[in-house]
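Visitor: I have a structure open here and would like to talk a few spots through with you. Can we start once it is on the screen?

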Amino acid sequence: MELPEKIQRVVEAIGRIPGNGPKTALRQSLILARWNEQDLEEFSQALRELITLSQCKVCGMYCDEDLCHICSNHSRKESGIICVVEGISDCLAIEKSETFKGQYHILGGVLNPLMGVGPDDLGIDRLIERVERDNAKGLILAINSSVEGDATSSYIRQQLPENISVERIGFGVPMGGSLEYLDALTITKALENRRRME
């Protein structure tokens, strides 16, 4: 059976979201087709507003202003510790643990030469400049444990002056595990058991 073009376009759009296969996209589209006009208007307006969404000029978190609420928090900046994560979902997971009281730096990925992702693509130079500009005392590398994550952590350590303390999150995070899927207690233990990188 061929569906109306309007529904097919919605199925295609929803299917572009990672994790949504054709069946899920179709099911969600059919649910949306049953919504009333006001609910659809509110939903489409919420999506439309993503166009004007900004990213914090310091850490890379989504925000409404130039700085996110963490970077504009003076006491968090005073800690002198920056937690480096791969993505925004990792930052949110650590915040949910309510353990870390410093600031963040979101790379937006890890080094992966095979996929053409180098240091410039991740803005690692911005991180190094930030450490020097803000006189950071140290970094916690909360980068997922993988070949690419390990390479990224080593590269960052090599770019920093020796006097900067660099630690990597400790056990509790399984090899190949992703921070965004871990519970708060596991993240808390990983932060408590971090180790210094030489």
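Visitor: Where is Arg130 found?
Guide: This is a predicted model, and in it Arg130 is found in helix 7, which covers residues 124–133.

Visitor: Is Arg130 buried or exposed?
Guide: Arg130 counts as buried, because its relative accessibility is 1%, and the cut-off for buried is under 20%.

Visitor: And what is Arg130 in contact with, leaving aside its neighbours within four places in sequence?
Guide: Arg130 is in contact with Val58, Cys59, Cys71, Ile82, Gln103, Tyr104 and His105.

Visitor: Cysteines, then. How many disulfides does the structure hold?
Guide: The structure holds zero disulfides.

Visitor: What about Cys68, how far is its sulfur from the closest cysteine sulfur?
Guide: The sulfur of Cys68 is 3.7 Å from that of Cys59, which is again too far for a bond, and Cys68 is buried, with a relative accessible area of 3%.

Visitor: Switching to the surface, which residues make the nonpolar patch?
Guide: Ile31, Trp35, Leu40, Phe43, Leu47, Leu50, Leu53 and Tyr62 make a nonpolar surface patch of about 710 Å², and helix 3 (residues 37–48) gives the largest share of that patch, three residues.

Visitor: Where does Leu50 sit?
Guide: Leu50 is found in the loop between helix 3 and strand 1 (54–55), and Leu50 is exposed, with a relative accessible area of 52%.

Definitions and conventions:
Residues are numbered from 1 along each chain as its sequence is written. This is a predicted model: local features need pLDDT of at least 70, side-chain atom pairs count only at pLDDT 80 or more; totals for chains, interfaces and linings use all residues. Side-chain values use heavy atoms; hydrogens and water are left out. A disulfide is a pair of cysteine sulfur atoms within 2.5 Å. Buried means under 20% relative accessible area, exposed over 50%, partly exposed in between (1.4 Å probe, protein chains only). Helices (H or I, at least four residues) and strands (E, at least two) are DSSP runs, numbered from the N terminus. Contact means heavy atoms within 4.5 Å. Patches are made of residues with over 30% relative accessible area and no salt bridge: like charges are joined within 9 Å, nonpolar side chains (Val, Leu, Ile, Met, Phe, Trp, Tyr) within 5 Å. Accessible areas come from the Shrake-Rupley method with a 1.4 Å probe; for residues, only the protein chains shown count as cover. A salt bridge is a side-chain nitrogen of Lys or Arg within 4 Å of a carboxyl oxygen of Asp or Glu.
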